[in-house]
Amino acid sequence: MTSDTPDRPRTRPFLARREAFATAGGDTPRAFLEACLEAVELWEPKVGAFTVLDAAGARRAADAATERWRAGRPLSPIDGMPVGVKDIIDTADMPTQMGSTLYDGYVPRFDAASVQGLRECGAVILGKTVTTEFASSEPRGTRNPWDLSRTPGGSSSGSAAAVACGMVAGALGTQVVGSIIRPSAFCGVHGFKPGVGGINRGGSLDFLSQSTTGTIGASLADTWVMARAIAGRVGGDPGYPGLGGPEELPPAAAPRRLALLETAGWPILQPEARAALEVALDRLRAAGVEILTRGSCPELAALEEATAEARDITLGINAWEWRWPLGSFVARDAAGLSQSARDRHAQGGAMTRADYLALLGRRSAARAAHAALAARCDGLVSVTAPGAAPEGLGSTGNTIFVVPGSLLGVPVVTLPVLQAEAGLPLGLQLLGVPDGEAALFGMAAWVEALFAG
């Protein structure tokens, strides 16, 4: 879903250019960055993906990367890659404003773990990307580059839009409900939510028990290699081994059997989206992949039942876990919070420990149901939303198709291979198993190649 016209967004993959970086007189990371900055000039006034841009710092970093590539000593495969950082993730040289007026102008003293990893890899941090308030439900004005009247999704709104426009080749996102997969899908780019604990979340306002730091990329390779490079430097969350697997994109590997995850959103799936999914499933079947359905597979039916209220379970867990810092925010400046944040504070305050334990029990039951199904298939497949990104900027869209992946804590990838109404992007999401990120990407590479053929 790329185009060279100024009216349609165009992604800018980085890794495909690496060989030229090492060639005298060839392409350079600095030239790549300048192309990104041209895209910023064209698209940023329309889309509003960034809260802060640091072109001068990015140029210095790109020049240093250019010298390393020419000397044959790049720091990593993503040395020189222009990236954006979601604005709930701390950066020592730029404000981290959390999508909230409570943090206007706030500059941390230190980088978050994921940003430290990016710098150690030589990545070029172009700026901070717009997030909803505290990466929750209150939008902050970014527009979808495919249709400026529509939402880009959230909460990693700016990261997805910036990658879609070619302003950066990759960006950091976070997800606790659907905040990487949904905006990536709405903006027609690749998104990756690792399993819980896959990438170190230190220094990010991203502390909820289902939260993950992940990547949004211009290509499947950019998305994987960026995530793997960060985890290779800073590991996973404490107590987790972190994202493993090869440093390069895993080789394509055909799945034998996939389970169709209909989710509670199946009754509201729009006709164009349903038709696109059916075509995709037929193509998979024609290539020899068996598709399990809830009618043919008792384990899948049990998982569908266990995740039928995934959104309510997740929002309840989140409300309890948001008692801090929301309680402190309310005590300090309640008027500076959105109504949705105040409502979440009230919901958490009305809960008891028993309520929270009951929700955790339901989550554990859902994860057990997924483990039983995983013995029968290579992964799950579904769409990412009921349809294309909805019109208007007052909402980031329905999370009903993406929240099960967060509840289950499993790795998820979205591929920009489907279209909904008016030719707008719709993602095909693939869900893997805990610690199965590399296998998931191998499967994703095969599926993407199938749809490109």
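Select F134 first: at 2% relative accessibility, F134 counts as buried. Buried means under 20% relative accessible area, exposed means over 50%, and partly exposed lies in between, with a 1.4 Å probe and protein chains only.

Before moving on, know what is on screen. This is a predicted model, in which local features need pLDDT of at least 70 and side-chain atom pairs count only at pLDDT 80 or more, while totals for chains, interfaces and linings use all residues. Residues are numbered from 1 along each chain as its sequence is written, and side-chain values use heavy atoms, with hydrogens and water left out.

**Stop 1: the rings**

Rings of Phe, Tyr and Trp (its six-membered ring) pair if their centres lie within 6.5 Å. Planes under 30 degrees apart count as stacked, over 60 as edge-to-face and the rest as tilted. How many aromatic pairs does this rule give? The count comes to 14.

F134 sits in the loop between strand 3 (124–129) and helix 5 (157–164), and F329 sits in helix 11 (residues 323–333), so the pair ties together parts that are 195 residues apart in sequence. Helices (H or I, at least four residues) and strands (E, at least two) are DSSP runs, numbered from the N terminus. Is F329 buried or exposed? F329 is buried, with a relative accessible area of 9%.

Next, select F192 and W224. Their rings form a tilted pair, 6.3 Å centre to centre with 40 degrees between the planes. F192 belongs to strand 5 (residues 190–193) and W224 to helix 7 (residues 220–234), so look for distant parts of the chain, 32 residues apart, being linked. Both F192 and W224 are buried.

Finish this stop with a group. Select Y103, Y106, F134, F207, W322, W324 and F329: ring pairs link them into a cluster.

**Stop 2**

Switch to cartoon view. Eleven strands form an open sheet with mixed pairing, in the order 1-3-2-4-6-5-10-11-9-7-8. Two strands pair if DSSP finds at least two bridges between them. Which strands stand at the edges? Strand 1 (50–53) and strand 8 (290–292) do, each with a single partner strand, so one side of each is left without a neighbour in the sheet. Neighbouring strands are turned by 30 degrees against each other on average, direction ignored.

Zoom in on strand 9 (residues 379–383). Five of its five residues are buried. In a regular strand the side chains alternate between the two faces of the sheet. Here G379, V381 and V383 point one way, and L380 and S382 point the other way.

Now look at the partners of strand 9. Strand 7 (residues 257–260) runs parallel to strand 9, joined by three bridges. A259 stands opposite L380, and L260 stands opposite V381. Strand 11 (residues 425–431) pairs with strand 9 in the antiparallel sense over four bridges. There V381 stands opposite L430.

**Stop 3: helix 15**

Select helix 15 (residues 437–452) and find A439 in it. At 56% relative accessibility, A439 counts as exposed.

**Stop 4: packed helices**

Two packed helices are described by the angle between their axes and the distance between the axes. Axes are lines fitted to C-alpha atoms, for helices over the stretch in contact, and angles run from 0 to 180 degrees between N-to-C directions.

Select helix 2 (residues 29–47) and helix 3 (residues 55–70). They pack at about 150 degrees, with axes 7 Å apart. That makes helix 2 roughly antiparallel to helix 3. Angles under 35 degrees count as roughly parallel, over 145 as roughly antiparallel, 65 to 115 as roughly perpendicular and the rest as oblique.

Then select helix 4 (residues 113–121) with helix 7. Their angle is about 100 degrees and their axes are 8 Å apart. Helix 4 and helix 7 are therefore roughly perpendicular.
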